[in-house]
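Here's a quick briefing to keep beside you while you turn the model around on screen.

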Amino acid sequence: MRMFDLNFLLAGDYRDWLLSGLLLSLQLLAITLLLSLPLACGVAMLRLAPSRLLNGLGAAYVELIRNVPLLAHFLFWYFGAPELLPDTWKERLYAGNIEAVSAITALTLYTAAYMAEDIRSGIRAIPAQQFEAGRALGFSFLATMRLCIVPQALRLAAPPLLSQTLNLWQNTSIATVIGVAELMYQTQRVEAASFRSVEAFVFASAAYLVVSLVIAGLAAWLQKKVS
Amino acid sequence: MLELLHDYWLYFLVGRYPEGPLGGLALTVLLASLALVLSLPFGLLLGLARLSPWRLLRWPVAALIHVVRGIPLLLVIFWAYFFLPSITGHESGQFGTMLAALVIFDGIYLAEIVRAGVQAVPTGQVEAARSLGLNYLDSMRQVVLPQALRHMLPSLVNQFVSTIKETSLGTIIGLAEVSFIASQVNGLVLTKPVQVYFLLGMTYFVLCFSLSRAAFWLERRQARLLKAAA
């Protein structure tokens with residue numbers, strides 16, 4: 001076996017592959033975060049709404065998504081769901097980047113289910129009087145939530161939401177199963193082309209670890225600020 | 001969908017067994033159970049090391065926990081896949097690889113559960129045990145751990161749910177667990193991806209949801225018991 005040597009990763013094709021993978025992973029993280037936060041807020045609202053039907057809907061969403069592995073979500077949204085679309089949509093989807101669209105759909109729905117629970121417990125930690133005061137001032141349920149409860153709750157929920165972001169960052173790696181060219185995919189590609197598994201996996205581990213540590217550091221800092 | 005179930009239910013449940021190796025849902029459950037059972041002692045040791053009064057033990061374990069929690073399980077599986085053979089000297093196969101990766105990964109997460117469980121035991125208990133003349137290890141073993149384990153039970157059931165979900169990643173290294181079998185069935189039928197993957201999702205859901213309900217029930221019972229004791 002050759003000596004451990006990271007230098008060959010730092011130039012030429014391999015570097016470009018790995019960097020493009022890392023960039024795509026970060027993009028997946030950013031887009032999913034942007035989409036799943038509002039969705040999670042919506043689901044949390046459903047679970048707290050003054051209607052049993054809406055509560056049930058919210059609970060069903062969370063339980064149905066959380067009790068199925070992310071891998072199965074990816075398989076469904078990539079192989080199954082596009083078949084359900086009308087033909088014109090399907091053609092357009094297959095012509096575009098269907099892998100990325102499926103991956104973002106699966107990741108967004110999955111992450112939102114977890115985040116909804118964090119936001120819900122954030123909301124429940126706000127004293128009930130705040131809500132009553134809002135209603136007594138004449139605000140509707142939604143307006144009270146939007147103007148008075150949610151801004152306070154998001155501040156409380158920030159540390160757990162960041163730890164969900166950490167999970168999301170690691171979960172982007174599973175997108176490799178449906179052929180999204182993210183970091184894990186490019187690592188396997190470099191490994192297959194160069195037969196240097198140690199170097200390729202060291203690079204990927206370090207990249208995942210660094211981003212994870214940044215997010216965890218942010219969470220610790222926020223935790224201190226909140227308390 | 002019924003036709004699909006009728007044709008492939010046995011393949012889905014046990015794979016090619018008894019003609020070939022065990023697979024399908026049975027393999028998923030077996031792998032998850034073995035992983036949990038084997039990672040428990042590992043997690044207990046790591047958790048206690050993390051809490052130990054000796055810095056030389058505490059710091060390396062804390063570093064290990066941070067590193068493993070910072071990388072995706074998929075990467076742990078690949079490390080195991082490529083380097084287990086060179087450490088043990090012989091091929092470990094997909095099942096062995098997956099089991100090793102899960103034991104390491106779950107052990108790390110269990111260590112944090114153990115830590116939380118031990119920290120939830122009032123410090124007066126340790127002080128009482130120490131003042132009765134028990135040394136550190138004995139007071140842990142005889143006084144703190146039995147109480148901590150009771151606190152940990154709901155978290156352990158939840159960890160089992162996570163482990164079941166994690167076994168699905170075995171597909172990537174070609175382990176014939178239930179997701180892999182579903183993809184095989186999809187390849188055989190070709191025309192029904194929606195139904196095949198919907199069934200796969202529902203199978204996981206039934207398994208995991210009933211377990212997470214059990215955890216919820218345990219948690220509520222524990223809260224009641226604690227209230228009654230107070």
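What follows is a short tour of the chains, where they meet, and a few residues worth a look.

Keep in mind that this is a predicted model. Chain A has nine helices and zero strands, and it puts 33 residues in contact with 35 residues of chain B. Together the two chains bury about 2800 Å² between them.

**Chain A overall**

- Reading from the N terminus, the elements of chain A go α-α-α-α-α-α-α-α-α.
- The C-alpha trace of chain A spans about 75 × 50 × 25 Å along its principal axes.
- Chain A has 227 residues, and 48% of them are buried.
- If you take the contacts in chain A with a separation of 6 or more, 76% are between residues 24 or more positions apart.

- What kind of atoms make up the area buried between chain A and chain B? Carbon and sulfur atoms account for 77% of it.
- The size of an interface is often given as the accessible area lost when the parts come together.
- How many salt bridges are there between chain A and chain B? The count is one.
- That salt bridge pairs Glu63(A) with Arg213(B), and the closest N and O atoms are 3.8 Å apart.
- Seven residue pairs are in polar contact across the interface of chain A and chain B, with both residues at pLDDT 80 or more.
- Five helices of chain A each supply at least two residues of the side that touches chain B: helix 2 (52-66), helix 3 (70-80), helix 5 (98-124), helix 8 (183-194) and helix 9 (197-226).
- Helix 9 of chain A gives the largest share of that side, with nine residues.
- Sorted by class, the side of chain A that touches chain B comes to 20 nonpolar, nine polar and four charged residues.

**Transmembrane regions from the record**

- An unreviewed UniProt entry lists "transmembrane region" for residues 20-46, 58-81, 93-115, 136-154 and 197-222 of chain A.
- In the model, residues 20-46 of chain A are 100% helix and 0% strand, with the end C-alpha atoms 39 Å apart.
- Residues 197-222 of chain A are also 100% helix and 0% strand, and here the end C-alpha atoms lie 37 Å apart.
- For chain B, UniProt (unreviewed entry) gives "transmembrane region" at residues 20-49, 61-82, 94-111, 169-190 and 196-218.
- Residues 20-49 of chain B are 87% helix and 0% strand, and 42 Å separates the end C-alpha atoms.
- Residues 94-111 of chain B are 100% helix and 0% strand, with 25 Å between the end C-alpha atoms.

- Is Ser139(B) buried or exposed? Ser139(B) has a relative accessible area of 1%, so it counts as buried.
- You'll find Ser139(B) in helix 7 (residues 136-166) of chain B.
- A polar atom of the side chain of Ser139(B) lies 2.9 Å from the backbone oxygen of Tyr136(B).
- Leaving out residues up to four places away in sequence, Ser139(B) touches Ala129(B), Arg130(B), Leu134(B) and Val144(B).
- Glu3(B) sits in helix 1 (residues 2-14) of chain B, and it counts as exposed because its relative accessibility is 55%.
- Glu3(B) and Phe198(B) are 195 residues apart in sequence, while their C-alpha atoms are 14 Å apart in space.

**Backbone spots to check**

- Most residues other than glycine have a negative phi, and most peptide bonds are trans.
- The peptide bond from Tyr17(B) to Pro18(B) is cis, with omega near 0 degrees.
- Pro18(B) falls in the loop between helix 1 and helix 2 (24-51) of chain B.
- Phe195(A) has a positive phi, near 60 degrees, and belongs to the loop between helix 8 and helix 9 of chain A.
- Phe195(A) counts as exposed, with 67% relative accessibility.
- Leu190(B) has a positive phi too, near 70 degrees, and its place is in the loop between helix 8 (178-189) and helix 9 (193-229) of chain B.
- With 64% relative accessibility, Leu190(B) counts as exposed.

Note on methods:
Residues numbered from 1 in each chain as written. Chains lettered and ligands numbered in written order. Heavy atoms only, no water. Contact = heavy atoms within 4.5 Å. Buried area = accessible area lost by both parts, 1.4 Å probe. Salt bridge = Lys/Arg side-chain N within 4 Å of Asp/Glu carboxyl O. Polar contact = N/O pair within 3.5 Å; in protein donor to acceptor, adjacent residues only side chain to side chain. Helix = DSSP H or I, 4+ residues; strand = E, 2+ residues; numbered from the N terminus. Nonpolar A, V, L, I, M, F, W, Y, C, P; charged D, E, K, R; others polar. UniProt positions renumbered as here; feature names shortened; annotations may be inferred. Buried < 20%, exposed > 50% of the residue type's maximum accessible area, 1.4 Å probe, protein only.
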